[in-house]
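These are my notebook entries on a single protein model. I set down what I looked up, entry by entry.

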Amino acid sequence: MTRSIPDIDIPALTGRRAVVTGGSDGIGLRIATRLAQAGAEVILPVRNAQKGEAAAAGIRDAAPHAQVHTTPLDLSSLESVAAFGAAMNADAQPVHLLINNAGVMTPPTRQTTADGFELQFGTNHLGHFALVAHLLPVLRAGHARVTSQVSVAASRGRIHWSDLQGERSYDGMRAYRQSKIAFGLFGLELDRQSEEHGWGITSNLSHPGVAPTSLLSARPELGRTDDTLGVRMIRWASARGLIVGTPESAALPALAGATLRTSGARKLYSPNGPGRVGGMPTEQPLYAPLKSAEDASRIWRISEQLVGVTFPR
C-alpha cells in the first residue's frame, strides 16, 4: 500500500527573514529547508558550528538560491542567548518569522544549564523566553509571527510551582512535560502581551506529533548512551506508515502556524490523525494545562525574574 504523504502549500516568502532554533537536524532542518525553498532568508542559530554548516549546505542543495546563515547560539546559556540577540539587533534587519523549535528531552538524571537551571526547563522554556526578549526590537520591526513548538506531553501534567527546577524530586518525563507546559503558556502570553502593549507581534503554538528524530536517540552528553525503546518503536512504525509521522510531516504544523495566512494567534496547530501523532496539520483545541491565563501570567513573571530580562511595558 502506498503511503499518503501529508503536505501543505507554503506561500512565497521572498523578502522575509526567518529564524529557526534547532534547525541543524530533524524536524527543525525540514522546517528551515521548506522556508528557504519558499524564498525566505533563513538564520540557523546553532550550538555545533560544524553540524550547522552541514545543515546549511543541505538546505542550499535543496534550494540553490537560498540565503541561509549559521550563527552561534546555545539556549542552555543565557550569556550565549544575550550575545545572539545583541548580534541580531546590531544587524538591524527585521525578523518576520521566529520558530522556537529546539529542545531537549528526558535526560535520565537531573542536569543543569550553564546558569544552574534544570536542563529541560532552562533550555526548552527559559532559553526561548530570553531569546524572544532579546530579539524583541527586530521582531517588532518585522511585525513577526512567533510559533513555539510544544509537545503532546503538554496535554497532561502541571507546573510544579514550588519545585520548578526539580531539586526536591526529579523525574525526566515530568520535568519535560513541565518545560513544555511552561513554554506553551509563554507562547500564548506573548500574544496577549503584544496585544496589550502594541508590539505588533502575533504568537501561536505548534505540536509536531510523533516522528523519528534525534530527540530520544542516544545522546551521550545527556547521559543516554543508547537509543530509547520509544524511538526504536517510532522508527519502526514510521517506516511502515503506521499512525505516527515522518520528520517531513512533523514539520508541517509549525510551518502552518508560521506561514499560512489563515493561521491565527493564540492557536495550537498539530496533526489531525489518531492521537494527534500523525496526519495533516490543523487547528486543535488547546491542551487543558495551557488554558489558564492566570498560569500564563504567573510563569511570565517568574521567568523574567529567573533570566534577568524584562519585556517593555
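This is a predicted model: local features need pLDDT of at least 70, side-chain atom pairs count only at pLDDT 80 or more; totals for chains, interfaces and linings use all residues.

I take helices (H or I, at least four residues) and strands (E, at least two) as DSSP runs, numbered from the N terminus. Residues are numbered from 1 along each chain as its sequence is written, and side-chain values use heavy atoms, with hydrogens and water left out.

Entry 1: overall make-up.
I looked up the secondary structure and found 9 helices and 8 strands. For burial I use relative accessible area: buried is under 20%, exposed over 50%, and partly exposed in between (1.4 Å probe, protein chains only). Of the 313 residues, 56% count as buried. I define contact as heavy atoms within 4.5 Å. Among contacts between residues at least 6 apart in sequence, 74% join residues at least 24 apart.

Entry 2: positive phi.
I looked for positive phi in residues other than glycine and noted Arg-266, with phi near 55°. Arg-266 sits in the loop that runs between helix 8 (252-259) and strand 7 (268-271). Its relative accessible area is 27%, so I record Arg-266 as partly exposed. I also noted His-143, where phi is positive and near 45°. The loop holding His-143 lies between helix 4 (119-141) and strand 5 (145-149). His-143 counts as exposed because its relative accessibility is 58%.

Entry 3: Arg-145.
Arg-145 belongs to strand 5. I did find a polar atom of the Arg-145 side chain 3.4 Å from the backbone oxygen of Ser-263. Beyond neighbours within four places in sequence, Arg-145 is in contact with residues including His-96, Leu-98, Thr-202, Asn-204, Ala-256, Thr-259 and Ser-263.

Entry 4: helix 4 against helix 9.
Two packed helices are described by the angle between their axes and the distance between the axes. I use axes that are lines fitted to C-alpha atoms, for helices over the stretch in contact, with angles from 0 to 180 degrees between N-to-C directions. The axes of helix 4 and helix 9 (residues 293-307) come within 10 Å and cross at roughly 90°. I therefore class helix 4 as roughly perpendicular to helix 9 (under 35 degrees is roughly parallel, over 145 roughly antiparallel, 65 to 115 roughly perpendicular, the rest oblique). Helix 4 makes the contact with Phe-121, His-125, Leu-126, Phe-129 and Ala-130, and helix 9 with residues including Ile-299, Trp-300 and Ser-303.

I placed Ala-182 in helix 5 (residues 172-197). Ala-182 is buried, at a relative accessible area of 0%. Not counting residues up to four places away in sequence, Ala-182 touches Phe-121, His-125, Ile-159 and Ile-299. Ala-182 and Ile-299 stand 117 residues apart in sequence, yet 6.6 Å apart from C-alpha to C-alpha.
Gln-120 is in helix 4 and counts as buried at 0% relative accessibility. With residues up to four places away left out, Gln-120 touches, among others, Val-104, Pro-107, His-125, Tyr-170 and Ser-179.

Methods: A polar contact is a pair of N or O atoms within 3.5 Å; within protein, one must be able to donate a hydrogen and the other to accept it, and residues adjacent in sequence count only if both atoms are side-chain atoms.
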